[in-house]
Amino acid sequence: MTNHWIDIQHADVIMCIGSNPAENHPISFKYVEKAMDNGAKLISVDPRYTRTSSKADTYAQLRPGTDIAFIGGMMNYILENDLIHKEYVVNYTNAAFLVSDDYKFDDGLFSGYDSENFKYSKESWAYQLDANGNPKRDDSLQNPRSVYQLLKQHYARYTPEKVCEITGTAIQDYMEVIRTFAATGKAGKSATIMYAMGTTQHTYGTQNVRSYAMMQLLLGNIGIAGGGINALRGEANVQGSTDYAILYHILPGYLKVPTYDNKTLKAYNDKWTPKSNDPQSANWWSNTPKYMASLLKAYWGDAATEQNDFCYDYLPKRSGNYSFIKLMERLQNGGFEGLVCMGTNPIVGGPDASAIADGLDGLKWMVAADLWETETSVFWKRPGVDPKTIDTEVFLLPAASSVEKDGSISNSGRWAQWRYKAVNPPGHAESDAFMVDQWVKNLKKMYAEDKKAVFPGPITDLDWNYGDGHEPSIDMVARECNGQFTRDVTIKGKTFKKGQQVPSFAFLQADGSTTSGNWLYCNSYTEQGNMMQRRGQEDPTGMGFYHNWAWCWPVNRRVLYNRASVDLNGKPWNPNKPIISWNKVTRKWEGDVPDGGWAPMKEDGTKSPFIMLPEGYGRLFAGGMADGPFPEHYEPMESPVRNLMTKQQSNPAVAIPGKIDNSGKYPYVGTTYRVSEHWQAGAMTRNLPWLVELVPDMFVEISQGLADWKGLKNGDMVTVTTERGKIEARALVTSRIKPLRVSGKMVEQVGMPWHFGFNGLATGGTANVLTTAVGDANTTIPEYKAFLCNIEKGGLKS
Ligand SMILES: Nc1nc2c(c(=O)[nH]1)N[C@H]1C(S)=C(S)[C@@H](COP(=O)(O)OP(=O)(O)OC[C@H]3O[C@@H](n4cnc5c(=O)[nH]c(N)nc54)[C@H](O)[C@@H]3O)O[C@H]1N2
Ligand SMILES: Nc1nc2c(c(=O)[nH]1)N[C@H]1C(S)=C(S)[C@@H](COP(=O)(O)OP(=O)(O)OC[C@H]3O[C@@H](n4cnc5c(=O)[nH]c(N)nc54)[C@H](O)[C@@H]3O)O[C@H]1N2
Ligand SMILES: [Mo]
């Protein structure tokens, strides 16, 4: 989230698009309702009428996978009717920048396309540069090569009629959404977007998010109170686990994982440290070498020296895509001997789940660490398989749950809050930290003893010191994540002693004098103590920042890009809801922690507000994306219709997978979602009798019309089939799902939860047997939300 949960109460308009917070993020709804009590309007944009929709002032139905068309049409209306926040757009976004004459868009393809490799070369997606190497600009926004004019031209095709023909939305609902949302382009008005998996789980999910963010930039809604682009994160600590590099391509703090050609630390730094010649650009990532050296020092301690590149050679280098889908492909090709599943249940949660389950059959061993016996841990006794034919040795390690251990949890609003152990884990259950600690200690011992060990350094030199207790000390881990000084030093006029905590990332160094396990969390554990444990309830501004409650990255800043919430003189666009404001007397910002302490934009020596981008301006045009600088509508890999926008059917930057069928054999649009009563792959809820009582069976939601056509009554058993597989479920005939009129034909939808599997107290068909293992061009997140299926009366055995 750019903003945070409490901030939602300040919004004038809230759009829940690709999310269903009333069911999946119910606590957030407290703030949605607070905003509504103050007159805010709620919009819900969802293929299904959800509990969120039931609370909304406006509900707009759309076909899964058509958000870019939906938002593109909104941007077109905003641009055509000049409803943008002009001063904001000119001064804080790249609208005025001029784009290379080589950049083109032609019938669905951007310039630089390589159809053989499903890839773009992005040279032409660049700014025109002046003699100093800075982007050229035209503040009148009239130059035909300005981002503004190219944007206007790009979305001119997205007329309301065309959009509704694609999305299936009723035009009057669509126009109501546009008018309500576009009204927040005025200074002093705000709209927030709450999005989640309905947005991201598509082959163009990242561009879906971008389209929302671009619209927010046009309306001046980023950085302000009640604004922003707010990802409602999923599992309780998924924000924290991303910050700490759960993804294959990042190191802690979103540093890049080195690629195979970054042979030395210098080569790495040269490659990944962005440059800018603009004195007005903070170019925050220019600090990359400091953060990287501090991270390497945290990993390898005294063994990491300036002479040996701080053990940079010990870091694995990558040469490919190691996302979930790609790893599972490799598993299916016999690429793994063993597998550790720590808190994950991939044969229920992964796309094309039967293929994953089949892949597990080839493993020699598996370790599953979980609270429950999951489907994955007993894959060898799944229906249709004879356990005698499977040789895998499976170790099930009982894990301690979140209330049985100490540690921090970072919520969607980036607040890292400390939690305390409430009870001891039962039986032999142990925390994940204990398990990892044991693995590392034993590996260290084995490597040290093995005289023939190949390349033992990364393990034997690892600085692994978290006390002598049964469990590693989580307090010491948190201290290390923040970072310490490795010797007595003076930085920026301040003197620090060896062993002291680094006060903030502004003091991290590239010379080995500092360590930091995660630069983004540097400031979370200072000499004053563990900031994440704070429980101060003061709110002096009344804006809900609660700066003394826990700690928030970066440096306790509660709203990102907040220097865009003020005009060029530092006066808030909305003086009644200031995030920050410039005090001319003290020459200091008041309110939230400013996004960089520089003076307002009118003053000399200042920096533009989007400090994480080398150019310093919010990107309406983004040259770094895999699939084009502007989001463009494509159809999902499986779709019942031809793309009405261009001749390019699906995202050109995604290879067309096997096991798809667009022949008409599967006429209905399938989509998967969550229910309040179950959690994810289901182990945590399908084993609890009272939740099982509430939702005992796998079901599929269908319209009354489809039920009539197929001769189905509510509760009948049905079989749902796709090119990947088939499952049985009960039919839930409902008016919440309606057929959509798309391109002159009626398209039926089949909605289904993905919580069920064959193991546990409540069992049922696994929706992911039906989904496709194809991912987004930028992130490889699977396209769980849109595929084609068929539905027939009767269960699998009938
Ligand atoms: N009770 C409960 N709460 C949960 C979870 C749970 O399993 N149970 N899971 C947690 C996790 S890990 C996550 S990631 C979050 C996910 O939270 P959400 O993203 O809210 O969850 P979903 O229900 O998967 O999808 C949200 C909505 O997107 C809609 N949708 C589908 N396709 C499209 C589309 O193309 N465009 C648009 N605009 N909407 C679409 C679906 O109909 C659905 O109502 O929830 C978290 N909260
Ligand atoms: N079709 C479809 N598929 C989807 C999605 C969708 O919308 N549609 N959503 C996707 C999303 S957003 C997500 S996040 C994934 C989730 O996919 P998974 O992560 O595979 O699913 P979970 O059920 O959340 O698995 C978590 C497991 O961790 C265990 N656990 C809980 N706490 C602890 C702990 O402290 N330690 C250990 N070791 N184990 C613990 C739980 O018992 C549970 O079995 O699924 C994805 N799959
Ligand atoms: Mo998630």
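Which atom of ligand 1 is 2.9 Å from an N or O atom in the side chain of Arg48? An oxygen atom of the ligand is; more on that in point 2.

1. Ground rules. This is a predicted model, in which local features need pLDDT of at least 70 and side-chain atom pairs count only at pLDDT 80 or more, while totals for chains, interfaces and linings use all residues. Residues are numbered from 1 along each chain as its sequence is written, chains are lettered from A and ligands numbered from 1 in the order written, and side-chain values use heavy atoms, with hydrogens and water left out.

2. Arg48 is found in the loop between β2 (41–45) and α3 (51–55); helices (H or I, at least four residues) and strands (E, at least two) are DSSP runs, numbered from the N terminus. Its relative accessibility is 9%, so Arg48 counts as buried (under 20% relative accessible area, with a 1.4 Å probe and protein chains only). The side chain of Arg48 makes a polar contact of 3.2 Å with that of Glu701 (a pair of N or O atoms within 3.5 Å; within protein, one must be able to donate a hydrogen and the other to accept it, and residues adjacent in sequence count only if both atoms are side-chain atoms). Leaving aside neighbours within four places in sequence, Arg48 is also in contact with residues including Tyr59, Tyr673 and Arg736 (heavy atoms within 4.5 Å).

3. The rest of the ligand 1 site. Of the 32 residues around ligand 1, the nearest are Asp46, Gly65, Asp67, Arg674 and His678 (a residue is near if one of its heavy atoms lies within 4 Å). Backbone N or O atoms also approach ligand oxygens, that of Asn20 at 3.0 Å and that of Gln680 at 2.7 Å.

4. Ligand 2. There are 26 residues around ligand 2, and Glu235, Gly349, Asp370, Lys405 and Asn768 are the closest. Polar side-chain atoms of Thr344 and Lys785 lie by oxygen atoms of this ligand, at 2.8 Å for Thr344 and 2.9 Å for Lys785. Arg674 turns up here too: an N or O atom in its side chain is 3.0 Å from a nitrogen atom of ligand 2.

5. Strands β15 (residues 407–410) and β16 (residues 415–419) pair antiparallel over four bridges; pairing requires at least two bridges found by DSSP. Ser410 has Ala416 in β16 as its bridge partner. Four residues sit between the strands, and Arg414 has a positive phi near 75°. The charged end of Arg414 also sits over the ring of Trp553, 5.6 Å from its centre (the rule is NZ of Lys or CZ of Arg within 6 Å of the ring centre and within 35 degrees of the ring normal). On to the next strand: β16 and β21 (residues 551–552) run antiparallel, joined by two bridges, with Trp415 opposite Cys552.

6. Aromatics. I'd take a look at Tyr103 and Phe630, both buried. Their ring centres are 6.3 Å apart and their planes at 80°, so the pair is edge-to-face (rings of Phe, Tyr and Trp, using its six-membered ring, pair with centres within 6.5 Å; planes over 60 degrees apart count as edge-to-face, under 30 as stacked, the rest as tilted). Tyr103 lies in the loop between α5 and β4 and Phe630 in the loop between β23 and β24, so the pair ties together parts 527 residues apart in sequence. Both belong to one aromatic cluster that also includes Trp125 and Phe621.

How values were computed: Buried < 20%, exposed > 50% of the residue type's maximum accessible area, 1.4 Å probe, protein only.
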